[in-house]
Structures are given as C-alpha cells and as structure tokens.
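Work through the exercises below with the sequence and the model at hand. Each task is followed by a solution in steps.

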Amino acid sequence: MKYIRFDSVGGASGDMILGTLIGLGVEPSFIEKELSTLISGEFHLRTHHQMSHGIEGIQLTVEIPGVENADIHSHQGHHAPSGHHDHICHPSHHHRSFADIREMIIQSDLSADVKQDAVAVFRALAEAEGAVHAKKPEEVAFHEVGAVDSIVDIVGAVIGFHALGIKSISTSPIPVGHGSVRCAHGIYPVPPPAVTALLERFRIPVSLDGEDGEMLTPTGAVLLGWWKKVSPAETFSARVLKSANALGKRQFHDRPNLLRATLYETELTESAESQKETVDRLLRFDTNLDDVTGEILSQAADLLFQAGALDVWFTPIQMKKSRPATVLSVLGTPASREKLLEIIFRQTGSFGVREICLNRHALGRRFSRVRTSGGYVTVKTGIWRGEEIHFAPEFDDCAAASQKSNLPVRQIYREAVAEYLAGRIFSDENPEPEKDKN
C-alpha cells in the first residue's frame, strides 16, 4: 500500500498539495487532459522551481486566459499578502455554488472514483461554509473556491491521489498562522471560520507556532482532512519511494514557505482494503526496433523503470526483408505516459510507438514475514474473493538473507515456504507466531 506523509512548516493550500503530487510523479499534462472536459480551455498548469530560505521546491501556477496574472488573485487564504492559492474576492471570479460544481464534475468524463471523491471533498467544504453561514450545502455559493484555479487545485489533487494509487495519508501539525484576514464577507480572525470548522470536523493536527496571516487555506484543510488517515498498524514497516517540496508564493520571515510530501510504500499490512481485488487502467507501449544493440535496450529498460514503468520486456521478431528485430514493450500508468514516451523516443531512436489502453485485474495482497536462517523474509499472499489462493516469498529478501548468512538462496526460499505453511508468521509488534495455519 502506498501512502503520503505531509510535513509542513509553511502551512498548506490546494496549489501546494497539487504541486507536491506533481513532484511525486503526476504529469501536469495528464492532469490537464483529465480536467479538459470539466473546464476545457480555461486554464494551464505551469510549474517552476523556486528557492525559499535555501530550500528548493515546486511552485505551481494556474494560468487562466484573459487574466494577466492569475496569482494576483490566487493567494493563500483570502488576503493578498499570504501567497498561497485560494482566492480573494475579485470581479473576474465566478461565484459558483456547490450544486453548480457538483453538476460540472458529474457531467465530466472523469473516472467514477475521481468524480465520487471530488464531489465528496467539495461537499465537505460546502458543509463547513454552510455551518458558518447557516445554509444548506447545496445553497452555499463559493466566492473564493468557486474560481477556476481552486477547482483545478481540488479536482486536480484528487486526480493526483488516484494516479499515484494513494489510499490514505498522514500529516504533521500544520501551522495555521495568526492575526486576521479579509474575506468576501469582511474581516475574520485566523484561522477563518470555514477552516476552523474543517479542523474541528477532521481533527487535523495544527501548530500555533506560525507567522502573521493565514497559512492553512480552506482548500488545503479540506484535502488534508477528508482523505483517509493511515493507521499506525499499517506503517510500522515502510520504505520511502520519493519526496517532493512545494512552495507558496509568500516569503516568510523565519522559515521556508514549504509543504513536503513523502511517498511511502508499506511492506506489511493487514488492512481489509489491501486485500480487495482491483481493476487498474494501464497503458502499454510497443515499438519495433531493428537497429538497436542489447546494451542500449538494457539502459532504456533501466530508465523506464526509474520513470515509473510497471514492467518492461523484449520480444524477438522478424520484420520485413527478413530482418531480425526486437519489440520493446512497456507497461505503465496514465500518469507516467509522457515520461515513458519521451524515454522510448530519445533512448531507442524509434520513429513510432503503439499505445494500447487496457485493464489489469490484480489480486488482493497481504504481506507477512517469516524468520529464516538468514533473517526475516517477506511473504506475499494473493487473495481472490476473500480466499488465499497462492503465496510466494519475496526473492529480494531471500537474496539479502542468503548474502547475510552465506547460505544458498534456494535454502532460504525453502525455509520461508516451510515457515509460512507452518503458520510461524511474525511482526514487529508481535515477536511470537501470529497464528497456526495448520
């Protein structure tokens, strides 16, 4: 299972969250394409790297045609000096209701899961605003978050979470700032009422050691609050896959205006969610190559895996004029499409790539550990409709245990199988066998 840990010293906003997801590997062009039927032709995502107190990070701008500088109207919270990506009240902004935005999402061509989550996030925001103004969610008119760039931030972040396969997140205490802000309805204390309602509802951990002004925006609060929180039991054994920094546009006095996202993959989990079968939308790229050496193909495969390819393989074929050749096949997610295509074209000299959209049916997974003569080895179990149908020790763990103990890897593998079948399964919290499978 993959999850994201958000750590912040500069607060959080919708554009900063979306910026971290882009930094973790979601292509801006993919987000734009997915959103094209929702707000076609009204925006463009622009990312660039900036420095804040000596730390580099991604700064995201939503460019809107007809607005000379969208960020003039896109600062953190509701007042201009703070520099994140919610909105002050401005004549060029649309005042859309929750009902309007919900209908926009439903009528779009987004996937069913993204639609469901995006509507749920906006509903949570509408309920917070409704509680402040004594209105039903459907009657709430978003002054600040009804504008195009905030819709892009929220729905784009939902798309990013799904593209990365994120089921849950965790957060450090988020600085909220102090002082007051000017909103569409007047001057409010920091954090403003809608943010306070979201903090109360989702029990988001906060830090009061902030700077003057609003540091946590409504879009930032609702995205961090609504997404499911990872449980400690699911994270006791995890590895870091990647991290990314996103920066807001305001310059703070004693800290970088920074939100960091770290992508983790848990090695062990007993969560029911991880044991469900899934259907993933994947892409396969094929290209025929008759003038490339094995060394170049090997390097291309390494680069493709680094860019997020799920699998890479070669198939020998015979082309026209009886020339022997190789088919390079690459399996990846829609989010990694642009990177994979670029590597194929640049590294292989291909003049054309075939793209196939397909569905992958994946078994539910359960990971457990057994103890061998060389140390612990992870065992992966495949689950189909609630039934464990097969299992296999992770070979990399077996190889590491073999090297550590100077025992043949086949012996370590056999020991892992025997221990699993005997039910001698271990965890960090429980050093004794968990159950007897016999």
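A residue is called buried under 20% relative accessible area, exposed over 50%, and partly exposed in between, with a 1.4 Å probe and protein chains only. Helices (H or I, at least four residues) and strands (E, at least two) are DSSP runs, numbered from the N terminus. The model is predicted: local features need pLDDT of at least 70 and side-chain atom pairs count only at pLDDT 80 or more, while totals for chains, interfaces and linings use all residues. Residues are numbered from 1 along each chain as its sequence is written, and side-chain values use heavy atoms, with hydrogens and water left out.

**Exercise 1. Describe the protein as a whole.**

Step 1. Count the elements: the protein has 11 helices and 21 strands.

Step 2. Turn to burial: of the 438 residues, 51% are buried.

Step 3. Take the contacts (heavy atoms within 4.5 Å). Among those between residues at least 6 apart in sequence, 68% join residues at least 24 apart.

Step 4. Take the surface, computed by the Shrake-Rupley method with a 1.4 Å probe; for residues, only the protein chains shown count as cover. The protein exposes about 20,400 Å², and carbon and sulfur atoms supply 50% of it.

**Exercise 2. Determine which side of helix α8 is buried and what it packs against.**

Step 1. Check the length. Helix α8 has 13 residues and reaches 19 Å from its first C-alpha to its last, close to the expected 18 Å; the expected span is 1.5 Å times one less than the number of residues.

Step 2. List the buried positions: L297, A300, A301 and L304.

Step 3. Find their arc, taken from the directions from the helix axis to the C-beta atoms. These residues lie on the same side of α8 because they cover an arc of only 105 degrees around the axis. An α-helix has 3.6 residues a turn, so residues three or four places apart point the same way.

Step 4. Look at the other side of α8, where E295 and Q306 are exposed.

Step 5. Name the neighbours: the buried residues of α8 pack against β15, β16 (311-318), β17 and α9. After α8 comes G308, with a positive phi near 110 degrees.

**Exercise 3. Repeat the analysis for helix α9 (residues 337-348).**

Step 1. The 12 residues of α9 reach 16 Å from first C-alpha to last, close to the 16 Å expected at 1.5 Å a residue.

Step 2. Buried in α9 are L340, L341, I343, I344 and T348. They cover an arc of only 160 degrees around the axis, which puts them on the same side of α9.

Step 3. The packing partners of these buried residues are β15 (278-289), α8 (294-306) and β17 (324-332). Just after α9, G349 takes a positive phi of about 80 degrees.

**Exercise 4. Explain why helix α7 (residues 218-226) is described as largely enclosed.**

Step 1. The buried residues of α7 are P218, T219, G220, A221, V222, L223, L224 and G225.

Step 2. Eight of the nine residues of α7 are therefore buried, and the helix is largely enclosed by the rest of the structure.

**Exercise 5. Characterise the pairing of strands β20 and β21.**

Step 1. Strands pair if DSSP finds at least two bridges between them. Strand β20 (residues 375-384) and strand β21 (residues 387-393) pair in the antiparallel sense over six bridges.

Step 2. I383 stands opposite E388 in β21.

Step 3. β20 and β21 form a hairpin with two residues between them, and R385 in the turn has a positive phi of about 55 degrees.
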